[in-house]
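Open the model in your viewer and keep the selection panel at hand.

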2 protein chains.
Amino acid sequence: MVKPSPSPSVATSGVHRSVRALLPALLLVLLILGGACAPAAPDTAPAPAPYPDSDPLPSWNDGAAKEAILKFVRETTDESSPSFVPPDDRVAVFDQDGTLWVEHPLYTQGVFALDRIRALAPSHPEWSEIEPYKSVIANDAQAIANFTKADWVAILAATHAGMTTEQFTETVQQWLATAKHPRYNRPYTDLVYLPMLEVIAWLRENGFQTYMVTGGGQLFVRAYARKVYGFSPAEIVGSSLVLSYQYDGGKPVLMREPKLFFMDDGPGKAVGIELFIGQRPFAAFGNSNGDRQMLEWTGAGYGKRLMMLVLHDDPEREYAYGPANGLPNSDVGTFPQSLADEANAKGWFIISMKNDWKRIFLFEEQ
Amino acid sequence: MVKPSPSPSVATSGVHRSVRALLPALLLVLLILGGACAPAAPDTAPAPAPYPDSDPLPSWNDGAAKEAILKFVRETTDESSPSFVPPDDRVAVFDQDGTLWVEHPLYTQGVFALDRIRALAPSHPEWSEIEPYKSVIANDAQAIANFTKADWVAILAATHAGMTTEQFTETVQQWLATAKHPRYNRPYTDLVYLPMLEVIAWLRENGFQTYMVTGGGQLFVRAYARKVYGFSPAEIVGSSLVLSYQYDGGKPVLMREPKLFFMDDGPGKAVGIELFIGQRPFAAFGNSNGDRQMLEWTGAGYGKRLMMLVLHDDPEREYAYGPANGLPNSDVGTFPQSLADEANAKGWFIISMKNDWKRIFLFEEQ
């Protein structure tokens, strides 16, 4: 693997991504596959199948990554296996940005924030003279690429706080309904990785409770997570702002204050798992430095655990970055060589998008 | 109702309770009842039953409270009812101390903290000269009753922080195995209210996701909540300390820092519901001023919602306090007249332990 070009090692906090209704289609695929088992010939014993009757991971190419997932599920759910995990303990966690959907060229939640600045600009004439708003309104890509953490904090405060939780959710849903990714020209919610939806579905089918553990905003992600991934609101662990309980005409509301309450990234992901889930996962999927402690925490438990990192090495179908191909000046999805080294030392699996994924998106031509 | 005697209106923060294996017995009861339906006489139409075939709330006396619960479940689960709630939206929340188990004469978690001070005293010889430890070690009930919030913060810091999450859980479980309530002379985990276990079981059987939303420590409660109530760790919303991610001999641990992270009480209960559950409940059960905003938040949603407060008016079988009978100098389970007034104005139900509960504890003589 190529060493990555020097890049900031701390991911921009709180700026993240979004998606849409792949799940009904996926369920249909699973139903069709599930109903398509050929009956065994009556007088010959069936050969032992390497996979279950129907392949639960049809978008994966055969290889070490796919086999690791199937083996993990087989062994943790087989009561006769020393790696058996009782149903109550079956927990699996997934990062979102770069693990479940596209995070380039900018986290979706960052795109949302920039679009909101432009939408709100007419009510803030003073912004046309003040940075960072001025560059956003002028759509100055170079300036935006060089925004500091303080710039992003100002943008997030202006777009994510000062409204009720219900108002924010509605704003996110309205934006998702029309916003499109610049490269794919599709709604962001179309940009979920089909192979990962298959893994989530296969784990759920085998009694695993699945959670998203994202550095992104918890309420932002909840606005679409049920529809896109089948995660209930309680299954979204994410970053959050301070909420204050207020009365609006006698009716209680929860106001989003411009102050970070919890940053679910890096070590915060292990803390978030403890606070929101309260059980150590048996499987964890990530793709960047922000997922390091989540994988360490998962791997430090007893018995068989599965830790996997998605490597973005497919510029044709998606993007290439991380240790395989450094993107200069990008702190989106940072995957330093030290993370690859830790993965190798600890037996974490690296998923190559290029080699392990037969199909990445539902909309891809077959 | 008698106006309560003047008492501090702010509940002591972070000092709370615990319980043991009633659930297997309860499940057995439900199984037996469930299997005992008499077949309908073949040639007469069965009379419409006021309750399901078997009474799901056998520990409740007939009355407005019991009928309100049964009606709520009937209407929210009947697709032809205007109050129908889709399964994904069925959420119910329960306070713990004074709502699911005994909170007098002191929150169980407070008893645990005092016992831990005594257990740790030999390693802290300096405590014998310093308050508040000195009074705890001397078991000076009068001094303990007059502890300030600062005293309790010191006691909690000494007993709840400075160890890993796993060490704390083990300590709580060891304590619960031997500690006994002074009046009932039974493990604290025996002191759960059977009528409320029936409500929880009936809601779950009808597709409700049930959560505890407690001012008590989240990790303290998780140590026994699955066994005692059937709540998974993720179904416990509670107060928490700051956690720090550290390495101990290369292995990651989460250290409990002596600093409050989240106080799940009063307005914090509405915030906790939003953060940890992410959906507005359709039913909420509490018993004190600390549950006011949780019930307000629940009641402010559309459609049919059920809000109930347990009134402790049964000194024979349990305790009497709140608006029915003020306990001087007690801030445990504060139930001011203003809460009763809000309940009456908003149609919240008040459950009288004395009149509504046929049986309070599983260990009670029948």
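Start with chain B and select its open sheet of seven strands, which has mixed pairing and the order β4-β3-β2-β1-β5-β6-β7. Strands here are DSSP runs of E with at least two residues, helices are runs of H or I with at least four, and both are numbered from the N terminus; two strands pair if DSSP finds at least two bridges between them. This is a predicted model, in which local features need pLDDT of at least 70, side-chain atom pairs count only at pLDDT 80 or more, and totals for chains, interfaces and linings use all residues. Residues are numbered from 1 along each chain as its sequence is written, while chains are lettered from A and ligands numbered from 1 in the order in which they are written.

Next, select β4 (251–262) and β7 (349–352) of chain B: each has a single partner strand, so one side of each has no neighbour in the sheet. From one strand to the next, the twist averages 30 degrees (axes are lines fitted to C-alpha atoms, for helices over the stretch in contact, and angles run from 0 to 180 degrees between N-to-C directions).

Now pick β5 (residues 283–286) and β6 (residues 306–311) of chain B, which run parallel and are joined by four bridges. Select B:A284 and find its bridge partner in β6(B), B:M307.

Then show chain A. How many residues of chain B are in contact with chain A? There are 24, and they meet 24 residues of chain A (contact: C-beta atoms, placed from the backbone, within 7 Å). On the chain B side, α10(B) gives the largest share, seven residues.

Technical notes:
Two residues are in contact if their C-beta atoms, placed from the backbone, lie within 7 Å.
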